[in-house]
Amino acid sequence: MIKATSATSLKVLNQVRGAVPVVYGAVVYHERITSQSLAGYLISMASFACYAYLKSQPPPPLKRDSTQGEAGAAAEGRGEVELRERDTLLREREAELREREAR
């Protein structure tokens, strides 16, 4: 599971997993929970929602340093292309590894 997500995602999900049955029991079975516990569970679930939303957003574009001039911008452009090529190779290798594990 960690290969498909990150360790942070699993930790956040684990926190929410503990809060869901408590909130469910309070709503459905009218179990009493303290206001401090309720606040903690709600903060945990709201934090998970924010984390999931932010994780689903594309990363912000890289900013260019205006002091570099045209040579710096050209070098940065080459760097961006190299990063994209590296990312493509990494995705291809990950797909190959997943295929091997599936066999």
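Predicted model: local features only at pLDDT ≥ 70, side-chain atom pairs only at ≥ 80, totals over all residues.

Author: Y29 counts as exposed, because its relative accessibility is 56% and the cut-off for exposed is over 50%.

The setting may be given next. The protein has 3 helices and 0 strands, and its elements follow the order α-α-α from the N terminus. Y29 lies in the loop between α1 (7–28) and α2 (35–56). Of the 103 residues in the protein, 9% are buried. The protein exposes about 9,000 Å², and 59% of this area is supplied by carbon and sulfur atoms.

The surroundings of Y29 on the surface come next. Together with Y24, V27 and V28, Y29 forms a nonpolar patch on the surface. The accessible area of these residues together is about 440 Å².

A pair of aromatic rings is described by the distance of the centres and the angle of the planes. The structure holds 1 aromatic pair. Y24 and Y29 form this aromatic pair, with 6.2 Å from centre to centre and 80° between the planes. Planes over 60 degrees apart count as edge-to-face, and therefore the angle of 80° places Y24 and Y29 in that class.

In summary, Y29 is an exposed loop residue that belongs to a nonpolar surface patch and forms an edge-to-face aromatic pair with Y24.

Key: Residues numbered from 1 in each chain as written. Heavy atoms only, no water. Helix = DSSP H or I, 4+ residues; strand = E, 2+ residues; numbered from the N terminus. Buried < 20%, exposed > 50% of the residue type's maximum accessible area, 1.4 Å probe, protein only. Areas by Shrake-Rupley, 256 points an atom, 1.4 Å probe, with all protein chains shown as cover. Patch = residues over 30% accessible without salt bridge, like charges linked within 9 Å, V, L, I, M, F, W, Y side chains within 5 Å. Salt bridge = Lys/Arg side-chain N within 4 Å of Asp/Glu carboxyl O. Phe/Tyr/Trp six-rings, centres within 6.5 Å; stacked < 30°, edge-to-face > 60°.
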